[in-house]
Amino acid sequence: MSGSARSGAAATPRHAAALPLPSGAGMDSQAVRNAMVERLRAMGGMDPAVLNAMLRVPRHLFLEPGLAAQAYLDNALPIGHGQTISKPSVVARAASVLLQALGERPARLLEIGTGCGYQAAVLAGVAGEVYSIERIRALHELARRNLRALRLPNLRLLLGDGMLGAPAGAPYDAVISAAAGEQAPPAWLEQLRPGGVLLAPLGQPQRLTAMRKLGGGRVESWSVEDARFVPLKSGVL
């Protein structure tokens, strides 16, 4: 483990952290995020807890200043190193599908692919504890800087090969991947608790796929919808 979003975090919380409400004007106003969330709500199928978390996370702080004006549009935007921050609708939809499939808020969740840290911050608003792993050191450090001001005690950032999961926090109630592979790496399912849910873009063409770990080594899986994510890769850069 390389650390947490806030150093010196206390004992593991078993409920979602309270994120600070935005204030002020312009890009830091509640009205800007309200408008984004209302557009997401109008799409249908979004979990209220996810939308509430997205109200509290200032997406513009996760972007380069030149892109901040686009922060609350439904766009994927570059964050460097060939990676992107996902559209708000993609973040909301994936987190909502995961919560609905699980049937409860996860006490412990693993995110594969921290990127700039935005989705990790949203997930920290709906889970008791979030482990988020990133293979690109520069992005891991970027996420740490981006998240520092939010002071989320239940978010732990790790540098490592996401294909290996994060054994230090296992077992997880849920695993969510922000990168697409042909199939789910075995470590992800191994690190899920029985009854836990994995959500990842898989196959070619990509499909967002949910998998529930059952007893006796069995897995129940179902296809959710078409997806378009960056490719899953191994190793640490």
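**View 1. Contacts across the whole chain.** Of the chain's contacts (heavy atoms within 4.5 Å) with a separation of 6 or more, 60% join residues 24 or more positions apart. This is a predicted model, in which local features need pLDDT of at least 70 and side-chain atom pairs count only at pLDDT 80 or more, while totals for chains, interfaces and linings use all residues. Residues are numbered from 1 along each chain as its sequence is written, and side-chain values use heavy atoms, with hydrogens and water left out. You will find six helices and eleven strands here, taken as DSSP runs numbered from the N terminus (helices: H or I, at least four residues; strands: E, at least two). Of the 237 residues, 53% are buried, meaning under 20% relative accessible area with a 1.4 Å probe, protein chains only.

**View 2. Helix α2 and its cover.** Spanning residues 48–56, α2 has Ala49, Val50, Leu51, Ala53, Met54 and Leu55 buried. Among the elements covering these buried residues are α1 (30–43), α3 (88–102) and α4 (118–124). Look also at the start of α2, where a side-chain oxygen of Asp47 comes to within 2.8 Å of the backbone nitrogen of Ala49.

**View 3. Where α1 meets α3.** The axes of these two helices, α1 and α3, come within 10 Å and cross at roughly 55°; axes are lines fitted to C-alpha atoms over the stretch in contact, with angles from 0 to 180 degrees between N-to-C directions. That angle makes α1 oblique to α3, as angles under 35 degrees count as roughly parallel, over 145 as roughly antiparallel, 65 to 115 as roughly perpendicular and the rest as oblique. Met36, Leu40 and Met43 of α1 make the contact with Pro88, Ser89 and Ala92 of α3.

Definitions and conventions. Buried < 20%, exposed > 50% of the residue type's maximum accessible area, 1.4 Å probe, protein only. Polar contact = N/O pair within 3.5 Å; in protein donor to acceptor, adjacent residues only side chain to side chain.
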